[in-house]
Amino acid sequence: MQELPKDPMLLLSVVNTKLRDYYSSLDAFCEDVDTDQDELIRRLKEIDYEYDRLKNQFV
């Protein structure tokens, strides 16, 4: 399992970069790095970011 940053702003940056460069969906990313998708969404929602499927980014 890849260790994701604990800091929410760093987490946002890492996740969006990985989504842009390597993954076609949040599902694929979470499966590959073995992380709970609901938990990831919750953590980023705490800093007012939500996943946009069409953009494949947290906005």
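**Around Asp27 and beyond**

Me: Setting aside its neighbours within four places in sequence, which residues is Asp27 in contact with?

Reply: Asp27 sits in helix H2; helices (H or I, at least four residues) and strands (E, at least two) are DSSP runs, numbered from the N terminus. Contact means heavy atoms within 4.5 Å. Once neighbours within four places in sequence are set aside, the contacts of Asp27 are Gln37 and Arg53.

Me: Before we go on, what kind of model is this?

Reply: Residues are numbered from 1 along each chain as its sequence is written, and side-chain values use heavy atoms, with hydrogens and water left out. Local features need pLDDT of at least 70, side-chain atom pairs count only at pLDDT 80 or more, totals for chains, interfaces and linings use all residues, and the model is predicted.

Me: Back to Asp27: how far is its C-alpha atom from that of Gln37?

Reply: Asp27 has a relative accessible area of 40%, so it counts as partly exposed (buried is under 20%, exposed over 50%, partly exposed in between, with a 1.4 Å probe and protein chains only). Asp27 and Gln37 are ten residues apart along the chain, and their C-alpha atoms are separated by 7.3 Å.

Me: How do H2 and H3 pack, and at what angle?

Reply: Two packed helices are described by the angle between their axes and the distance between the axes. Axes here are lines fitted to C-alpha atoms, for helices over the stretch in contact, and angles run from 0 to 180 degrees between N-to-C directions. H2 covers residues 26-33 and H3 covers residues 37-45; their axes are 10 Å apart, at an angle of about 115 degrees.

Me: What do you call that arrangement of H2 and H3?

Reply: Angles under 35 degrees count as roughly parallel, over 145 as roughly antiparallel, 65 to 115 as roughly perpendicular and the rest as oblique. With their angle of about 115 degrees, H2 and H3 are therefore roughly perpendicular.

Me: Which residues of H3 meet H2, and how does the contact divide by type?

Reply: On the H3 side there are Gln37, Leu40 and Ile41, and they meet Leu26, Asp27, Phe29 and Cys30 of H2. For the types, Ala, Val, Leu, Ile, Met, Phe, Trp, Tyr, Cys and Pro count as nonpolar, Asp, Glu, Lys and Arg as charged, and the others, Gly among them, as polar. The contact divides into five nonpolar, one polar and one charged.

Me: How is the pair of Tyr23 and Phe29 arranged, and what is the angle between the planes?

Reply: Rings of Phe, Tyr and Trp (its six-membered ring) pair if their centres lie within 6.5 Å; planes under 30 degrees apart count as stacked, over 60 as edge-to-face and the rest as tilted. Two aromatic pairs turn up in the whole structure. Tyr23 is buried at 16% relative accessible area, and so is Phe29 at 0%. Their pair is edge-to-face, with centres 5.3 Å apart and planes at 80 degrees.

Me: What is the arrangement of Tyr51 and Phe58?

Reply: Tyr51 is buried at 18% relative accessible area, and Phe58 is buried at 2%. Their ring centres are 5.4 Å apart and the planes stand at 55 degrees, so the pair is tilted.

Me: Which loop holds Asp48, with its positive phi?

Reply: Most residues other than glycine have a negative phi, and most peptide bonds are trans. Asp48 isn't a glycine, yet its phi is positive, about 70 degrees. Asp48 is exposed, at 68% relative accessible area. Its place is the loop between H3 and strand S1 (51-52).

Me: And what is the phi of Asp34?

Reply: Asp34 is found in the loop between H2 and H3, and is exposed at 53% relative accessible area. Although Asp34 is not a glycine, its phi is positive, at about 55 degrees.
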